[in-house]
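The following note sets out points for a colleague reading this entry.

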Amino acid sequence: MNIILLGYPGSGKGTLAKDLSKTLDLVHVSTGDILRDEMAKKTPLGLEASAYMAGGRLVPDRLVMDMLKSRLGAESRGLLFDGFPRTVAQAEMLDGWFTSRGQDLDAVVFLNVEETVVMARLGSRRTCTGCGKIYNVISSPPAKEGVCDACGKPLMTREDDKTEVIAKRIQVYKDQTEPLLAYYRASGNFLEADGGKTPDEVTKDVLGLLHVKP
Ligand code: AMP
């Protein structure tokens with residue numbers, strides 16, 4: 001099964017992807033996480049991507065596609081894309097890639113959340129520096145402030161979750177990623193869930209839409 005998650009930054013794609021990839025035994029492909037990893041390792045790709053990411057802009061399509069092809073070329077398990085595609089050009093390239101591998105896209109899940117809600121969520125999001133688990137200091141704080149419940153490592157605020165970058169990322173989503181809703185609605189395997197609910201409810205709803213028992 002190959003699935004794409006769509007939605008605003010802060011709509012809950014990362015949290016849902018962690019749950020779904022475990023339940024459905026899919027490879028969680030977060031282009032944001034891969035790019036942050038490349039940045040941390042100071043690879044040529046990471047260095048090139050860093051200025052785009054720090055400013056809330058998209059990394060050029062060609063870089064993202066080359067990165068995915070080299071990482072996923074030998075992967076035979078089902079894929080769960082989180083944060084990809086983000087432009088119509090990326091979606092077209094992904095279609096071509098699936099076709100060349102004799103594979104299909106099985107579902108596109110859109111997490112629908114109000115813009116005001118995602119703005120608030122991004123401002124209070126904290127991410128574990130160890131395992132990547134996502135917290136919200138208001139709605140789902142860790143038991144001990146600043147420390148991950150799962151692995152004990154410190155939590156951080158992502159550079160691009162800082163107030164000045166959030167508005168830019170929302171605008172970039174509207175301009176470049178929102179057109180994907182029309183692109184995939186026309187494809188016939190488009191599913192929509194209410195991303196304003198709690199993470200557990202969202203996972204349950206999406207599994208229901210995918211006809212999978214939790
Ligand atoms: P995310 O963790 O998905 O919110 O992504 C963080 C940042 O990484 C984005 O704001 C972009 O700068 C970059 N990025 C992640 N995925 C993509 C993509 N598919 N295309 C272009 N840039 C991306």
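A polar contact is taken here as a pair of N or O atoms within 3.5 Å. The model under discussion is predicted.

1. A polar side-chain atom of Thr-31 is found 2.8 Å from a nitrogen atom of the ligand. For Arg-86, a polar side-chain atom lies 3.0 Å from an oxygen atom of the ligand. The ligand taken alone exposes 480 Å², of which the protein buries 96%.

2. The shell around the ligand. The ligand is surrounded by 16 residues, and the closest are Thr-31, Arg-36, Arg-57, Arg-86 and Gln-90. By class, this shell comprises six nonpolar, four polar and six charged residues. Which helix gives the most to the shell? That helix is H2 (residues 31–40), with four residues.

3. Gln-90. This residue, among the closest to the ligand, is found in helix H5. Its relative accessible area is 3%, so Gln-90 is buried. A polar atom of the Gln-90 side chain lies 2.9 Å from the backbone nitrogen of Arg-86. With neighbours within four places in sequence left aside, Gln-90 is in contact with Val-59, Asp-61, Val-64, Met-65, Phe-84 and Pro-85.

4. Leu-94. Helix H5 (residues 88–100) also holds Leu-94. Is Leu-94 buried or exposed? Leu-94 counts as buried because its relative accessibility is 1%, where the cut-off for buried is under 20%. Residues up to four places away in sequence not being counted, Leu-94 touches Ile-4, Met-65, Phe-81, Phe-84, Pro-85 and Tyr-184. For one of these, Phe-84, the C-alpha atom is separated from that of Leu-94 by 9.3 Å, the two residues being 10 apart along the chain.

5. Met-67. Helix H4 (residues 61–72) contains Met-67, which counts as buried because its relative accessibility is 4%. Beyond residues up to four places away in sequence, Met-67 touches Thr-31, Ile-34, Leu-35 and Leu-45. Thr-31 is also among the residues closest to the ligand. Met-67 and Leu-45 are 22 residues apart along the chain, and their C-alpha atoms are separated by 8.3 Å.

6. Thr-127. Strand E5 (residues 125–128) includes Thr-127. The relative accessibility of Thr-127 is 11%, and therefore Thr-127 counts as buried. Its contacts, apart from residues up to four places away in sequence, are Gly-132, Lys-133, Pro-154, Leu-155, Met-156 and Arg-158.

7. Helix H9. In helix H9 (residues 199–209), the buried residues are Val-202, Thr-203, Val-206 and Leu-207. These residues lie on the same side of H9 because they cover an arc of only 130° around the axis. The buried residues of H9 pack against helix H1 (13–24), strand E4 (107–112) and strand E8 (190–194). On the face of H9 turned away from its buried side are the exposed residues Asp-200 and Lys-204. His-211 follows H9 and has a positive phi, near 60°.

Methods: Residues are numbered from 1 along each chain as its sequence is written. This is a predicted model: local features need pLDDT of at least 70, side-chain atom pairs count only at pLDDT 80 or more; totals for chains, interfaces and linings use all residues. Side-chain values use heavy atoms; hydrogens and water are left out. A residue is near a molecule or strand if one of its heavy atoms lies within 4 Å of it. A polar contact is a pair of N or O atoms within 3.5 Å; within protein, one must be able to donate a hydrogen and the other to accept it, and residues adjacent in sequence count only if both atoms are side-chain atoms. Accessible areas come from the Shrake-Rupley method with a 1.4 Å probe; for residues, only the protein chains shown count as cover. Helices (H or I, at least four residues) and strands (E, at least two) are DSSP runs, numbered from the N terminus. Ala, Val, Leu, Ile, Met, Phe, Trp, Tyr, Cys and Pro count as nonpolar, Asp, Glu, Lys and Arg as charged, and the others, Gly among them, as polar. Buried means under 20% relative accessible area, exposed over 50%, partly exposed in between (1.4 Å probe, protein chains only). Contact means heavy atoms within 4.5 Å. The arc is that of the directions from the helix axis to the C-beta atoms.
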